[in-house]
Amino acid sequence: MIAVSEFNTFDELANLRVTWRELWERTPNASFVQSWDWLRSYWRVYGDNQELRTLLVTLRTKPIGIVPLVTQQVDTTLGSTSVLTWPTNAFVPFYGAVGPNPAATLSTAFSHVSRTRRNWKSLELPQIDEFGQDNLRTKNALRNARLKPCRNDAVTHSVVNMYESWDRFMSNRERSLQMALLQAEKLVSHFGPVSFHRWRPEGGQVGGTDRRWDLFQVFEGIRRDIKGRTRYDDRELAVLKDAHPSAVDAGAVDFCSLTVSGRPAACAYSYRTEGRIENVFLGAREEYGEATVTCLLGYLLRDSFMRDDESIVFQPRDERQVESWSNSSVTSITYGHYAKLSPTAQLLRRRRAAEAGDIPAERPPVNVEVAADDQATAPASGLRLKVYSGA
């Protein structure tokens, strides 16, 4: 029998740490942001103003998946409205259920959400890899739970895929980029000797790895220097700082810096899982100019090619700086559901629609055979899970 257990306090959730880790390790393309340690850091910063609602899905008492959710308040012109959403910031492109059976986990979890206490008026699920890893599972789960979803927003991330050599990659870039890199190196060298450093902890026992707080302070200092020019939330930094020790212990940190005459001039702070890198921050001190970021990107990418990394995903706010380097992109979608009889929820729906702008056209869904793992964990009602795939 398939069942759902709900956790509403972090003290209760602490007992789930080992199970969460085991499921996270079996999650396809898992991100550090989906880990138990990340949620702990998120909750330390945002928990005072939110309600926790994490769902554990079990099949015959065996855990098969986790859906982390929180309820938060969002302001509208008629007052605040309660929104059920993921416990995450926009640090990574995609988010979703934890575990190897996302279709069954999501379908069972949202059926539970639909029929139990409604401590929310709106449901918003950003960072959905609609036609990629998610493969419309989240949308299908919402439909099965009679929570008709609407597509609110699309966010595009530039990506560098490293399926070829560095020389081949550069030969396929515009000549203007190659000239810009050479010019940037000359400009930056006028300030003094330039050096590139990269730190990747291998992880290990908790507390057994040097956390390199000196490097995190470099990140803080550069971020502080550009705060007036770019939107960066102090709470975002607080979550990253709290999560830093756990990320180091997990071997999930990737830190790159460019120094000029021994002084940090630019840096990139990222999370990595195996060969996949999700850039969280990219920036340089204002006094050195954008040429420093160009140099950093050139050295960073060349080093990643040499290390046989798979890909690097960048933040949308860095689009102008990375678009010339990009050889691919990924797009995430937000699914929303809003209570029809709630004025504040409907106001939020209209706001999201106005903010959305151009959203890629939805591919027509077609029914496909459910994977064996997902069939094995279908809801106890006996209803066949509907899975949609792009045509």
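**Reading the model**

Reply: Of the 391 residues of the chain, 55% count as buried, where buried means under 20% relative accessible area, exposed over 50%, and partly exposed in between (1.4 Å probe, protein chains only). This is a predicted model, in which local features need pLDDT of at least 70 and side-chain atom pairs count only at pLDDT 80 or more, while totals for chains, interfaces and linings use all residues. Residues are numbered from 1 along each chain as its sequence is written, and side-chain values use heavy atoms, with hydrogens and water left out.

Me: How many helices and strands does the chain have?

Reply: Helices (H or I, at least four residues) and strands (E, at least two) are DSSP runs, numbered from the N terminus. The chain has 13 helices and 16 strands.

Me: What is the accessible surface of the chain?

Reply: Accessible areas come from the Shrake-Rupley method with a 1.4 Å probe; for residues, only the protein chains shown count as cover. For this chain the accessible surface comes to about 18,000 Å², and 47% of it belongs to carbon and sulfur atoms.

Me: How many bridges join β7 to β14?

Reply: Strand β7 (residues 122-128) and strand β14 (residues 328-338) run antiparallel and are joined by five bridges. Leu123 stands opposite His337 in β14, and Ile128 stands opposite Ile333 in β14. Strand β14 also pairs with β8, in the antiparallel sense, over nine bridges; there, Cys150 has Gly336 of β14 as its bridge partner.

Me: Where does Leu301 lie, and is Leu301 buried or exposed?

Reply: Leu301 is found in helix α10. Leu301 counts as buried because its relative accessibility is 0%. Contact means heavy atoms within 4.5 Å. Leaving aside neighbours within four places in sequence, Leu301 is in contact with Val160, Met162, Trp166, Ile312, Phe314 and Trp325. Leu301 and Ser311 are ten residues apart in sequence and, C-alpha to C-alpha, 9.6 Å apart in space.

Me: Which share of the contacts with a separation of 6 or more joins residues 24 or more positions apart?

Reply: Such residues account for 74% of the contacts in the chain with a separation of 6 or more.

Me: What is the order of the sheet of three strands?

Reply: This open sheet has the order β1-β3-β4, with antiparallel pairing. The edge strands, β1 (2-7) and β4 (62-67), each pair on one side only. Axes are lines fitted to C-alpha atoms, for helices over the stretch in contact, and angles run from 0 to 180 degrees between N-to-C directions. Neighbouring strands of this sheet are turned by 25 degrees against each other on average, direction ignored. Between β3 and β4 the antiparallel pairing extends over five bridges, and the bridge partner of Leu56 in β4 is Ile66. Helix α4 (residues 102-115) packs on the sheet and touches β1, β3 and β4; the direction of α4 makes about 70 degrees with that of β4.

Me: Why does Thr54 count as buried?

Reply: Thr54, found in strand β3 (residues 54-59), counts as buried because its relative accessibility is 0%.

Reply: The axes of helix α8 (residues 213-226) and helix α9 (residues 234-249) come within 12 Å and cross at roughly 170 degrees. That makes α8 roughly antiparallel to α9, since angles under 35 degrees count as roughly parallel, over 145 as roughly antiparallel, 65 to 115 as roughly perpendicular and the rest as oblique. Among the residues that meet are Trp213 and Phe216 in α8 and Leu237 and Leu240 in α9.

Conventions: Pairing = 2+ DSSP bridges.
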